[in-house]
Amino acid sequence: MGPLITNGIISNGWDFVIAVVIGIAFGFILEASGFSSSRNIVGVFYGYNFVVLRVFFTAVVVAMVGLLYFDYFGWIELSKIFILPTYLTPMIFGGVVMGLGFIIGGFCPGTSFTAVAIGKLDAVFFAAGLYLGIAGFTLVYPYIGGFFNSGYIGNVTLTDVTGISAAWFAAGFTIVALAAFWGTMFIEKRVRKNIKEYKF
Amino acid sequence: MDTQVTNYAEPKYINPYLGGVLLGLLVLVTVYITGRGLGASGAIKSTVVATAEVITPEQAKENAYTSQFISDDQSPMYTWLIFESIGIFLGGLLSGVIFGRAKKFHVEHSPKITAKKRLIFALIGGALFGIGSQFGRGCTSGAALCGTATYALGGVIVMFAIFGAGYVFAYFFRKLWI
């Protein structure tokens with residue numbers, strides 16, 4: 001029963017081998033989907049290419065629904081999986097800063113690694129920026145630690161906060177995703193007619 | 001250095017919904033095996049901590065942030081996300097080679113801006129993304145994708161904040177792209 005490493009079914013020694021294999025699959029999917037190109041990625045914000053929305057939301061919905069099935073069949077103990085902690089204001093702030101970095105830089109960290117791999121110099125600069133940004137962050141941390149650690153709610157799930165069962169959230173995300181896939185089809189068609197700078 | 005704009009008449013990308021299903025299954029398998037999700041920004045953080053430990057060991061141990069990730073038994077590079085990120089690079093290279101996209105170094109940019117401008121903005125964007133990922137406790141992979149997939153409140157917040165802010169700021173930076 002999963003999680004396999006947490007429950008000692010696979011020994012810790014395999015941890016890093018598994019990490020590399022999972023990473024290869026991750027990098028392959030990102031690159032093969034077109035995420036090694038910043039111009040493909042930012043298309044989601046200008047309406048000329050919604051590949052990010054399609055891949056991202058399909059993945060979220062598949063994983064959300066899949067986890068429910070794994071739980072239902074008793075394959076995984078959901079109480080043992082890692083739940084990202086919530087620090088309310090810092091995380092909203094962080095997300096906004098990432099959104100700004102996204103539209104200026106055209107990559108996110110994972111996609112930039114795959115773009116570096118296929119020779120994109122702009123991705124090398126983006127990754128260097130990541131390094132400098134985080135290094136700068138650690139230097140000023142003593143002054144911003146208070147804000148950084150504020151708004152802590154704990155490692156809570158949507159269900160913990162709202163009392164609504166996870167299945168409803170999975171259903172909700174699925175419906176919103178399907179509606180977005182359908183709607184963006186038309187937006188994309190319209191926008192592409194007027195864009196000549198980018199070939200499809 | 002080749003600074004030509006690379007546009008592909010017929011990009012040989014896989015179907016995005018297939019990519020999404022594969023990525024979702026990968027998240028599922030990762031959680032099933034390791035109990036945690038995927039990640040990327042954490043690897044850069046480990047690299048920052050590791051270099052800090054080498055260059056300025058005293059400060060690295062005193063700094064309230066970097067000291068959390070330093071231990072006496074092993075290097076800060078000895079983490080799951082570093083190995084996973086090496087994998088991301090290899091997997092990206094593999095796909096790039098298979099689909100014929102792996103090339104020598106070049107800059108991809110809109111024909112309306114110069115390669116130099118693209119590089120400067122890529123660096124600034126990366127720095128912002130790096131800073132944001134610390135406050136967000138992860139980036140698009142760890143927080144937005146895997147956080148949301150595991151129903152974590154924080155993941156959903158980061159996801160909406162990233163994409164929401166992207167749409168808000170998109171107007172101001174449209175000249176970089178379209």
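This is a predicted model: local features need pLDDT of at least 70, side-chain atom pairs count only at pLDDT 80 or more; totals for chains, interfaces and linings use all residues.
Mentor: Quick definition before we start.

Trainee: OK. In what order do the elements of chain A run?

Mentor: From the N terminus, they go α-α-α-β-α-α-α-β-α-α. That comes to eight helices and two strands.

Trainee: How much of chain A is buried?

Mentor: Of its 200 residues, 50% count as buried. The C-alpha atoms fill a box of roughly 55 × 45 × 35 Å along the principal axes.

Trainee: Let's look at helices H5 and H6 of chain A. At what angle do their axes cross?

Mentor: Roughly 140°, and the axes come within 8 Å. H5(A) covers residues 109–117 and H6(A) covers residues 121–148.

Trainee: Why is H5(A) called oblique to H6(A)?

Mentor: Because of that angle. Only angles over 145 count as roughly antiparallel. The crossing is left-handed.

Trainee: Which residues meet there?

Mentor: From H5(A), Pro109(A), Ser112(A), Phe113(A), Ala115(A) and Val116(A). They meet Ala123(A), Val124(A), Phe126(A), Ala127(A) and Leu130(A) in H6(A). The contact has nine nonpolar residues, one polar and no charged.

Trainee: New topic. How many residues of chain A are in contact with chain B?

Mentor: 114 residues of chain A, in contact with 115 of chain B.

Trainee: Which element of chain A gives the most?

Mentor: H6(A), with 20 residues.

Trainee: And how do the residues on that side of chain A divide?

Mentor: Into 77 nonpolar, 28 polar and nine charged.

Technical notes: Residues are numbered from 1 along each chain as its sequence is written. Chains are lettered from A and ligands numbered from 1 in the order in which they are written. Axes are lines fitted to C-alpha atoms, for helices over the stretch in contact, and angles run from 0 to 180 degrees between N-to-C directions. Helices (H or I, at least four residues) and strands (E, at least two) are DSSP runs, numbered from the N terminus. Angles under 35 degrees count as roughly parallel, over 145 as roughly antiparallel, 65 to 115 as roughly perpendicular and the rest as oblique. A crossing is left-handed if the near helix is turned anticlockwise from the far one by less than a right angle, and right-handed if clockwise. Two residues are in contact if their C-beta atoms, placed from the backbone, lie within 7 Å. Ala, Val, Leu, Ile, Met, Phe, Trp, Tyr, Cys and Pro count as nonpolar, Asp, Glu, Lys and Arg as charged, and the others, Gly among them, as polar. A residue is buried if 20 or more other C-beta atoms lie within 10 Å of its own, exposed if 12 or fewer, and partly exposed in between; C-beta atoms are placed from the backbone.
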